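Hi everyone, thanks for coming.

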Amino acid sequence: MRAMKKIVVKAAGLTAALAAAGVLIAGFAAVISLRQLPSVDALRDYRPQVPLRVYTRDDVLIGEFGTEHREFIPIERMPKLMSEALLAAEDDQFYEHVGVDVPGLVRAALANLGEGYAQGASTITMQVARNFYLSREKTLSRKWYEILLAFEIDRTLPKDRILELYMNQVYLGEHAYGFGSASQTYFGKPLAQLSLAETAMLAGLPKAPSTMNPLVNLPRAKRRQEYVLGRMLGLGMITQDQYREARAAPIVVSRDANGRFDGHAEYVAELARQLAHDRFGDEAYTRGINVYTTVSSMHQTLAHDAVQAGIERYGKRHGAAKAAVALPQAAIVSLDARTGAIEAMVGGTDFATSRFNHATQAQRQPGSTFKPFIYSAALERGLSPGTLINDAPLDNSPRWQPGNDDGRFVGPITVRQALAESRNLPAIRTLQAIGIPYAIDFAGKFGFSTKRLPPYLPMALGTGTTSPLRLAAAYGVFANQGHRIEPFLIEKITDGEGKVLFAADTAEPPRVISDRNAFVMNSLLQSVVDEGTGNAVKVLFAADTAEPPRVISDRNAFVMNSLLQSVVDEGTGNAVKRYLRREDVAGKTGTTNDAVDGWFAGYAGNVVTVAWMGFDDNRSLGRHEFGATTALPIWAAYMEGRLAGVPDADFPAPPQLARLNNDWAYAENADGVHGMASLGFPPPPAVPDVPVDGAPGAPAMPAPTPAALDLTPPTAPRANGAAL
């Protein structure tokens, strides 16, 4: 018996000695390991990578760009229910332990005996250590460092900061990091708007985010949710009634791959992404930058629906419902005619199949939509709406004999009628009369790249190239009474803290380079836009909201507005009347050779819009397709919704206008002597002086006295061509 006691005493002593040795060894290992641990001080000021987000002007999220979908939510703004649900699921002793749940570790160690190492008993603090500093391999050494780091993090940081880091950093499946992003990804709404049932489902995701999320396996996610609800009930976080109601609540998961992006504004979001990257580089995708565009979500939806309806109508005309008929691309862009702010933009039929933005990047022949700029130039050379032009074949031009779409020539026709009916020969003869170099220079005033305008007579028919956005800006000169506006897309940019980094209406920014440096660089960059890879768009940032420069006179703009209204009233654009019953609609159709491109450009109510349709490979849209059948319905459908409730725009008659032959004319050209009375007619044969009554030496008949002129500026809003 005494011998047995000695054995027990010796065994106890040996055990104590071994335990003491183990403690000493562990302590020594800890000291050595602590020296190898990374500093956790960086976690004090750490901000996770937050992606670039793009919004409409009415705060609808239309795009997100970055390697990680994340929305950083400070702990003071984190919903209490979300924090409680997470703690119930992952670490209900978080605010009591020292970073490590020692009893839990002991239980996990005993459970793992004989089964090999299995990870377990990780606190939220330990998961923070692992997520920020360690790999996810299941080894004892990695677990050891995780424990030590957790102690150090708990000693260094406040509990709320640790929880904040975890809730914004943890991966929750489907490329979503943090609970703010996961809420949008799975339910399409902000975290603060989640129900208890939805909150509990998110709280269950950290256990197995890739295989237990509701998009991948809803039944499994539901079972995990019920476990979380049970834990919350057991901890007194919710009542029995709340528990039963949440368990029974249906879960509606967002199945849209784009998830939370509304407004059908993919082309807008992509263009905003490019602009933000050009300005901020790769940091744009990580520092939580928010880009607020000028686009309205309502107007964007109208534009998208108009394009889709236009493509559907085209498909029905060409039997797309019965056969695999290739459908063309279509685009529409709409601007505020007073400021240049882009209100809506659809760059193609389907962003998923083609990200090429036809509204900004496509360089297409504008066809007859270019004719108004030839006539605008000619007004400054004496042309008037009542000038007679010969719609007849060209003389002495055997190699090029253009015709009209209807195959006819009508002979003498006024400028107003010629533009309304989009007749080709009058436009060509007008260009002949004013000179090609002058016309090219004048078109440059509207923002067209002069290098894209061919110095030949076919230029009058729109054989140069331009984009729908540039054409919209050019028509904006007529709508804005002679002032040229430049399109812009970005209203403001803020960082993750809400600080404004750029705003369209900011005061003059500080000078960082000399004005001559800026001038030279501007010239170089314009070359890139005009001739190189950057020809998509010239100006999409607005830094100055002062009155835009005047590039044509107000009377020129007024007369051109009157002519463009005749196109809609009685010409090729009169189909617009089926959609819009307004007095201020002005526009022009355009169809290129073989119906490769169909256009409609126009404005009303201080909104200028351009619609286009065509194939990327330049095949014909069809023998019986024109701008009036392809683009005009898209334009009119959009403008019908856009202008609902918008009053007619006021376009007052400026001074220095008069009436000549029941139409407008510059006052100095209305005396019957000055200006162009006619174009393209052969000169009359010379007639010798004939004495009156045959009496030799009698004086010739005097020239007819011009009719009395009314030089008072007319006040009628428009002219119909026949009478004012």
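First, a term: buried is under 20% relative accessible area, exposed is over 50%, and partly exposed lies in between, with a 1.4 Å probe and protein chains only. Keep in mind that this is a predicted model, where local features need pLDDT of at least 70, side-chain atom pairs count only at pLDDT 80 or more, and totals for chains, interfaces and linings use all residues. Residues are numbered from 1 along each chain as its sequence is written, and side-chain values use heavy atoms, leaving out hydrogens and water.

So, is Val98 buried, partly exposed or exposed? With a relative accessible area of 44%, Val98 is partly exposed. Now compare Ala504: its relative accessible area is 3%, so Ala504 is buried. The C-alpha atom of Ala504 is 9.8 Å from that of Thr294, although 210 residues separate the two along the chain.

Next, the sheet. Its 5 strands form an open sheet with mixed pairing, in the order β2-β1-β5-β10-β11; strands here are DSSP runs (E, at least two residues), helices likewise (H or I, at least four), numbered from the N terminus. Two strands pair if DSSP finds at least two bridges between them. At the edges sit β2 (61-65) and β11, each pairing on one side only. Strand β10 (residues 490-494) runs antiparallel to β11, and 3 bridges join them. Within that pair, Ile493 stands opposite Phe502 in β11.

And where is Ala504 found? Look at the loop between β11 (500-503) and α18 (515-531).
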